[in-house]
Amino acid sequence: MRRPQLHWEDVEVGAEIEGFDIEIRPRRTFLQISGSQDWYPVHHDPAFARKAGHEDIFMNTGFLQAALVRVITDWMGDTGFLRKLYFEMRRQQRPGDTMICKGKVTDRYRKDGEGWVELEVWAENERDGVTTPAKAWVILPSRDGV
Amino acid sequence: MAERYDIEAVRQKYIGIEIAKSSGRYPVEYDAIRRHCHMADDNNPLFLDPEYAASTEHGAVLCPPSGWLALYFASLGPWPAVFEPLLPIVPAPGKRIVNMNQEVEWFAHIKVGDHLSVRRRVADIYQKAISIDPEAVWIVAEAIITNQRDETVCAIRNTLLFHRTPEEVAAAKETTP
């Protein structure tokens with residue numbers, strides 16, 4: 001059965017986008033390496049990370065991007081199109097943190113005949129607040145088929 | 001005495017040059033997508049379920065719109081890797097790396113079975129101090145990823161910070177007259 005589809009006309013500026021939590025435990029750091037194939041030791045070797053001046057290992061770009069993309073693609077449905085994503089690694093998600101990912105709608109307009117929506121999406125944790133702010137541009141289908 | 005790092009010479013030599021060009025050895029595959037989704041508990045059937053994906057307008061499993069995953073299929077995934085993502089070609093005083101940001105623009109979906117290629121170039125290089133390294137170097141790299149029909153599917157721009165360890169910074173201070 002097809003999943004429900006969000007349409008451009010149904011989006012309200014200011015609406016919150018439901019997200020999810022992920023606990024950063026050892027198993028998650030291994031999943032991170034498996035899923036990203038990023039073998040740079042700063043993401044799995046505490047001694048390497050500390051020698052570089054970090055407090056501990058921290059989750060990598062591939063993992064953070066996968067989480068942000070999940071927030072967006074779960075929200076936009078099968079027919080939505082993520083046209084652009086910009087995100088910054090300002091602070092770290094480390095073992096012991098609970099990473100919370102969510103977002104909100106910041107703008108909605110038509111451009112070149114298509115229904116565009118702008119989102120703020122982010123990852124945060126209790127220690128540092130927002131660690132990974134992101135902005136996304138999504139094209140959604142319209143109810144009239146345009 | 002350590003040789004002085006000449007940021008202007010590095011900028012002149014490397015900005016604008018193509019640092020890597022490659023085509024993925026393997027097509028976009030189900031299992032790499034599955035592993036990618038698993039790390040973030042992403043259960044989207046469009047990325048995981050061939051039967052479901054075939055019932056949609058897409059007709060096939062989509063690759064999640066992650067620049068990281070697109071780069072993986074275009075070059076980094078197979079072993080041995082065609083190139084490392086960390087731009088070792090550009091000299092910098094420090095070898096420790098942190099990815100600071102990424103911008104990905106999408107122009108088309110990537111589907112299972114697609115063959116991806118990538119061209120990467122250095123867009124900018126500059127020096128800006130961070131708390132642990134006054135001589136940290138920042139490198140902006142761009143990547144254009146195309147599919148088997150030579151269509152551009154995405155453009156990626158990211159900023160990498162290269163820094164020294166605190167020990168290396170302290171050692172450099174001792175050798176500076």
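These legends go with close-up views of a predicted model. Local features here need pLDDT of at least 70 and side-chain atom pairs count only at pLDDT 80 or more, while totals for chains, interfaces and linings use all residues. Residues are numbered from 1 along each chain as its sequence is written, with chains lettered from A and ligands numbered from 1 in the order in which they are written.

**View 1. Chain B on its own.** Chain B has six helices and five strands (DSSP runs numbered from the N terminus: H or I of at least four residues for helices, E of at least two for strands). Read along the sequence, they go α-β-α-α-α-α-β-β-β-β-α. The C-alpha atoms fill a box of roughly 70 × 30 × 25 Å along the principal axes.

**View 2. Where chain B meets chain A.** The contact (C-beta atoms, placed from the backbone, within 7 Å) takes 33 residues from chain B and 32 from chain A. On the chain B side, strand 2 (96-106) gives the most, with 10 residues; helix 2 (30-39) and helix 5 (67-76) also give two or more.

**View 3. Strand against strand.** Strand 2 of chain A (residues 81-88) runs antiparallel to strand 2 of chain B, joined by five bridges (DSSP must find at least two for strands to pair). One bridge partner to look for: A:E88 goes with B:N101.

**View 4. Around A:I72.** Leaving out residues up to four places away in sequence, A:I72 touches A:L82, A:L119, A:V121, A:A136 and A:V138.

Notes: Contact = placed C-beta atoms within 7 Å.
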